[in-house]
Amino acid sequence: MMLETIAERLSLKCKCCWENLKNDVTGGYAGDLLSDVMANSAAGNIWVTRQVHQNIVAVAALKEHAAIVIVQGATPEKETLDKATKEGIPILVADLGEFEVVGRLYQLLYPSQG
Amino acid sequence: MSDTDYMRHLQGRYEVHGRDFVDAGLVSSQIKKGLKSQGIHEDIIRRIAVIAFEAEVNIISYATHGVISYYLLPDSIIFEAIDEGQGIEDIELALQEGYSTADDSIREMGFGAGMGLANIKKSSDIFEITSELGKGTRVKSTIMLNGK
């Protein structure tokens, strides 16, 4: 599913890399422990997290994630957005918490299993 | 073949500085790009990306300085991280998932979950670690290419 569609349906605010909103999202992962995300997420994932510092971009770039969604309306640090722009990783912000975002995302990505 | 014979196949060598969280991931990213340009299979690259990232974060978190090198051999890739730092008191314990000596400042950034060394070991075909308290730690990972 196209990232842009997910952003619209979940009312996500895009903070950088608008040009990559056409990215194809093939699955998702949620987590705030970077080692967990490094070990268990996959390329093409939309990554849902509460972390806002720039190391999330390093993880997303290494794992070739389609995007990062920061939950609970948290503001990504300026350095995070700068780095994400450089790496071409879209960062989107959700007003909802991690549980609600993941639930809605799951329904969108896997409607028959919802 | 002697123990150090693989060193002839050096592909990249990078300095990593302790507490430099700003640049965490930079070396891993360069290694990943290097392996891609060599046409290495993406499954192998994914495993090395995990190994490199965890080793890099470990040096940044616990050492004063370190060097990360990787070697491209005909049948394998060898990854090596050697640091000068506090070292590991109990390697068996450090390898247990969930065990960590990270302080709060490290944990706040989402590191220090006690998964680093376990992730490196899991992603390696051969995993070797030696450490001397107060001196530093050496991690060596071998990933077999198996025709990939």
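B:Ala81 has B:Val139 as its bridge partner in strand E5 of chain B. That link belongs to a set of nine bridges that tie E3(B) to E5(B) (residues 136-144), with the two strands antiparallel. All of this comes from a predicted model, where local features need pLDDT of at least 70, side-chain atom pairs count only at pLDDT 80 or more, and totals for chains, interfaces and linings use all residues. Residues are numbered from 1 along each chain as its sequence is written, while chains are lettered from A and ligands numbered from 1 in the order in which they are written.

**Strands of chain B**
- E3(B) (residues 76-85) also pairs with E2(B) (residues 63-72), again antiparallel and over nine bridges; pairing takes at least two DSSP bridges between two strands.
- On that side, B:His65 is bridged to B:Glu84.
- Three residues make up the hairpin that joins E2(B) to E3(B).
- Strands (E, at least two residues) and helices (H or I, at least four) are DSSP runs, numbered from the N terminus.

**Where chain B meets chain A**
- Contact here means C-beta atoms, placed from the backbone, within 7 Å; by that rule 18 residues of chain B touch 15 of chain A.
- Helices H1 (26-37), H2 (42-62) and H5 (116-123) of chain B each give two or more residues to this side.
- H2(B) gives the most, with four residues.

**Confidence**
- Chain B averages a pLDDT of 96, and 99% of its residues score at least 70; pLDDT is the predictor's confidence in each residue, from 0 to 100.
- The model scores ipTM 0.92 and pTM 0.95.

Notes: Contact = placed C-beta atoms within 7 Å.
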